[in-house]
Amino acid sequence: MPKTVRVLGLGLAIIAIAPGASAQQVWSDYLRRDAVENIQISPGGKHLALAERHDDGTVVVIRDTATLLVQGMVDPGNHGEISDLKWLDDDRLLVGANRADTRYQVALVEPAMYIVNRNDNSKYRLPANFVATIDGDSAHLLVSTCGHWEDGGCVPAIHRAEIGHLSRLGDPLISAPDTHSTLWTDQQGHVRFAVAWDDRSDSKLWVHRDGRAPWTLVNDSSESGIDSLPLGVDQSGMQAYLATERKSGVGVIERYDIASGQRTEIYRDKTSDPLWPIYAFDGNTPVGAWYDATRPRAVIWNQAHPDVPAFLQILNAFPGDIVTVVSASADRNLAIVLVGNDRDPGAFYLFDRTARTASLIARKRPWLESMPKPPSRGVQFVARDGLVLHALLTLPAGSGPRPLVVIPHGGPYEFIDTWGYDAEATLLASRGYAVLRVNFRGSGGYGRDFVERGYREWGRAMQDDLTDATRWVVSQGVADVSRICIYGASYGGYAALMGAVREPALYRCAASYAAPTDLSKMYKWGSIRRSDLGMNYLERVLGTDREELAHRSPAQQVASIRIPVLLGHGKLDGRVDDKHVRLLARNMRKQGLSPELVEYPYEGHGLAIAQDQIDFYGRLLRFLDANIGPDHEPARNPDASR
């Protein structure tokens, strides 16, 4: 019998799928993929579809909701991935799956959409691009085809297609306003919004109203100076919600009346942009959003929605956690809820609104239950120019000054480090390192002007923010000033290397992966410079003064590097060409320096292959231990026998 615990009036019945942990846990277990990646409940509530990891791929397992017994399986093949998962009715699933390229052993092949029958596992591949399902109509889908060509690109045309007869799509309902548009639909199968960005990163938002001109312009950022993006449309199809920037300060939530075009500001937070929306059980109607990246809090600004009391009940049952309604039955009585926090990547629960219970179905990474998972907390400090900044600090067990690893995020613009489980920070903290992740100027979440404060500040004010954050942590007595290293990937790797250039007395070592090392070469190497959009972006955020770019490029400032450096890069990196890392390494060697360099033949702008992940993080851990190693017994290394 399941164990039941009462938490704030909500019973928690614990019945879990728990794939076994490894016999002897090692540090690489922190990096393992989720055992369960997604769960969708059927409209009638009797069946569950789970995207589960089996061996080296992800499969769809269909289970009975009450017993969790297996009823069927959809397997995309070795190293396959499940990109989309949605029930059409109680017997049919919409599954997006891709398969591996046999040379690289990762799922590189374009995903295909299938309709799969639960009863016999028969499947039908959609001949057109899937757009959306239609509530209450399991016989039709919205799909897109190439309507016509314009300006050298394809303008999508949207069709309401009958399942089983998709080769006869009929006349299009509407065509997108241009070749770049992303489309939003309502729950009744109407295309309501389109958003597109031009070559200067200016956005346009259009709305489609029934019986009128195909598209009406709502916002053009080249004129307004701000972006406005749709979050979703309510069940009536007549009220939408927009996340709209302000030129100064944080963004706001607006209610948009589709018929009249009236826009009403309904919520503006004091300190934060909306991070991600909170949806009602229908999965489409926004009822609130999460705010404050370093300690997220739920704000409900659509209090009148009938699902809000149930959502608040779930929040109360899991205080301090991040809660997401993943899917729900047609009557909204049963819902799949994902709950996570800084020490838990997430667990899926079956919420029963009538019974007021939440039953644990599966944990994403059950093997972490018995492993050390140090907590993270948000901190705030003031930069040297008076700008208030936020960061996340993950501290290992114990007290007193610890060795510190500073990890600037990639991007860098509009990317943001948020509170929650972070495998990298948890791994390092479990080894005795304090970890600092800083939302420096240019990061998202704090308003448009905060992002723009980072323009052309690579190696300057953005770097100063990292330095100020590091010194602030030292001043708090939690970091040992003699044992600090800086490490990052992509822009974070660039910032780590510039830390070595600008602050050789502060940092004892620096490590990077996929880092650009010469800013002027970004105009010649890599994928960003291959479009007008990319070139305009580089000019806006970097500038074009060659002397200034050289001053802010690690590869041109190697004479200032006096600390050990670890360099990693993928030879197939299309975003940041591996010429960057080889240029830096060559210039360092000319100065008599000996960087540790590793290149991976089948990796791109990241680490996708498990063996390469283990190799690189093994090198990183040994590098940190050798330079700022904590006073503790190291965990067993899975590659120690190599």
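**Notebook: salt bridges**

I began with R471, which is partly exposed at a relative accessible area of 42%. I use buried for under 20% relative accessible area, exposed for over 50%, and partly exposed for in between (1.4 Å probe, protein chains only). The model is predicted, so I kept in mind that local features need pLDDT of at least 70, side-chain atom pairs count only at pLDDT 80 or more, and totals for chains, interfaces and linings use all residues. Residues are numbered from 1 along each chain as its sequence is written, and side-chain values use heavy atoms, with hydrogens and water left out.

I looked up the partner of R471 next. Its side chain meets that of E503 in a salt bridge (3.1 Å, N to O). R471 sits in helix α5 (residues 461-475) and E503 in the loop between α6 (491-502) and β35 (509-513), so the pair ties together parts 32 residues apart in sequence. E503 is buried, at 13% relative accessible area.

I noted the cut-offs. A salt bridge is a side-chain nitrogen of Lys or Arg within 4 Å of a carboxyl oxygen of Asp or Glu. Helices (H or I, at least four residues) and strands (E, at least two) are DSSP runs, numbered from the N terminus.

Then I checked D34 and K364. Their side chains form a salt bridge at 3.7 Å, N to O. D34 is in the loop between β2 (10-17) and β3 (36-41), K364 in the loop between β29 (357-363) and β30 (376-382), 330 residues apart. Both D34 and K364 are buried.

I also found a network of salt bridges linking R33, E37, R53 and E81. The structure holds 39 salt bridges.
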